[in-house]
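This briefing walks through a protein model one topic at a time. Please keep the sequence and the 3D view open while reading, and look up each residue as it is named.

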Amino acid sequence: MSDSRDPRLEQWAERYRATARPDGRHRERLRDAIRSSPPPTREPALRGLTIRPRAITIGWPLAAAATAVVLAGGIAIGVRLAPRSEPAPAAMRPDAVARLVRFELDAPFASRVALVGDFNGWDPAATPMRLDAGRGRWTTALALQHGRHVYAFVIDGDRWLPDPDAPLAPESGFGTPGSVVVVEGAEPS
Amino acid sequence: MSDAAWIARVLDGDTEAFSMLVDRYDAECYRFARHMLGHGEDAEDAVQETFIRAYRALGRYDERNTFRAWLFRILVNQCRSIGRSRGRFDRRFVHDEDAIARAPAPGQDGGFDSREPLKVALDELEPELREAFLLKYGEEMDYMSMAAVTGASVSALKMRVKRARDRLRPRLEGMFRE
């Protein structure tokens, strides 16, 4: 069997795509569930920044304050950091190309939420998230190096939760599930 | 009308327009979940939850991803969660050649015959191999899209697809020697 043009695979694929959807009340149930949900709204603070990534050379403190881009799942605005005299966070090499990634979690009943991952040593004290009380949404933005990162949220100091809107990663060494974010971009030359 | 146009209508307040996106992707979400989980009710639950989550998160959708890849990322996560929580990934079919030989011809049950040899073989694969195989050959995704959907690296996905094909090769050859 060589590749996807193998006729046996093609025939299997035809049968796969012919899998019939059984009739049932599933559409009614879905319609009811959607009608009972609040209607989705645009994220106006993010839209203008997500048109096309641009590499912008700015100093590190400005990068930390810059507005963020989309949800964790891999899309980010490119921000090239210029070396500064202040020490960069542990996740950053001075010569690395970084991307700002925004992390969000809807948890209106949590008292505190922290972001943990391979970029901050899985330390719940390293990256506390900020609450938008009106929407019950916790957010933070972090500059991450190009590549694949695993992360999770820690609720109220002791409950670990993967990102419900991101791909799951193989379990971390702590035995709890994490999520994956892929930060795209060229390696520094 | 494009996915982006329907999404814009939903976000502009025409929430019923979301049903157009459901119509467009419901069947392929179901077939993936059905083959992944091997259980009709679980597949229905996975697809249901996928569309509900997609609807609620629509405001965060980034048009630089295809909607299909974004939707399938949610679907893959749902299948993984349901598969783990309901023990679907712990099943191992006992391969019974006689039973398969006596079974009616495949193609019944709406094109999904749980006794079909290749279906049995797919169920015997580890979940990550099955997932990669279905995305690659069933859903015809490219590896970059698969990486975005699954969170695995392209190289890992290529290895999983190769291992799945190697394991399925004897069943495929038997299936089409009719």
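A residue is called buried when its relative accessible area is under 20%, exposed when that value is over 50%, and partly exposed in between. By this definition, buried residues make up 55% of the 178 residues in chain B, and they make up 46% of the 189 residues in chain A. The model is a predicted one, and the points below should be read with that in mind.

**The two chains**

- Chain A has 4 helices and 10 strands, and from the N terminus on its elements run α-α-α-β-α-β-β-β-β-β-β-β-β-β.
- The accessible surface of chain B comes to about 7500 Å², with 48% of it belonging to carbon and sulfur atoms, while that of chain A comes to about 10200 Å², with 54% belonging to carbon and sulfur atoms.
- Among the contacts with a separation of 6 or more, residues 24 or more positions apart account for 62% in chain B and for 64% in chain A.

**The nonpolar cores**

- The largest nonpolar core has 63 residues, and those with the most contacts inside it are W12(A), F18(B), F32(B), F51(B), F67(B) and L75(B).
- A second, separate core of 18 residues includes L115(A), M129(A), L142(A) and V183(A).
- If residues up to four places away in sequence are not counted, F67(B) touches D3(B), I7(B), L21(B), Y25(B), L58(B) and Y61(B).

**Two packed helices in chain B**

- Two packed helices are described by the angle between their axes and by the distance between those axes.
- In chain B, helix α2 (residues 18-37) and helix α3 (residues 40-56) pack at an angle of about 140°, and their axes are 9 Å apart.
- Since angles over 145 degrees count as roughly antiparallel and 65 to 115 as roughly perpendicular, α2(B) and α3(B) are therefore oblique to each other, and their crossing is right-handed.
- The residues of α2(B) that meet α3(B) include F18(B), L21(B), Y25(B) and C29(B), and among their counterparts in α3(B) are A43(B), V47(B), F51(B) and Y55(B).
- Of these residues, F18(B) and F51(B) also belong to those with the most contacts inside the largest nonpolar core, whereas L21(B) and Y25(B) are touched by F67(B).

**An enclosed helix**

- Helix α7 (residues 127-138) of chain B is largely enclosed by the rest of the structure, because 11 of its 12 residues are buried.
- The buried residues of α7(B) include P127(B), L129(B), F133(B) and L135(B), and also R130(B), E131(B) and K136(B).

**Two residues with positive phi**

- E140(B), which follows α7(B), has a positive phi of about 55° although it is not a glycine.
- The place of E140(B) is in the loop between α7 and α8 (143-150) of chain B, and with a relative accessible area of 56% this residue is exposed.
- D156(A) likewise is not a glycine, and its phi is positive at about 50°.
- The place of D156(A) is in the loop between β7 (147-155) and β8 (159-161) of chain A, and D156(A) is partly exposed, with a relative accessible area of 28%.

Definitions and conventions
Residues numbered from 1 in each chain as written. Chains lettered and ligands numbered in written order. Predicted model: local features only at pLDDT ≥ 70, side-chain atom pairs only at ≥ 80, totals over all residues. Heavy atoms only, no water. Buried < 20%, exposed > 50% of the residue type's maximum accessible area, 1.4 Å probe, protein only. Contact = heavy atoms within 4.5 Å. Areas by Shrake-Rupley, 256 points an atom, 1.4 Å probe, with all protein chains shown as cover. Core = buried A, V, L, I, M, F, W, Y, C linked by side-chain atoms within 4.5 Å. Axes fitted to C-alpha atoms, helices over the stretch in contact; angles between N-to-C directions. Parallel < 35°, antiparallel > 145°, perpendicular 65-115°, else oblique. Left-handed = near helix turned anticlockwise from the far one by under 90°.
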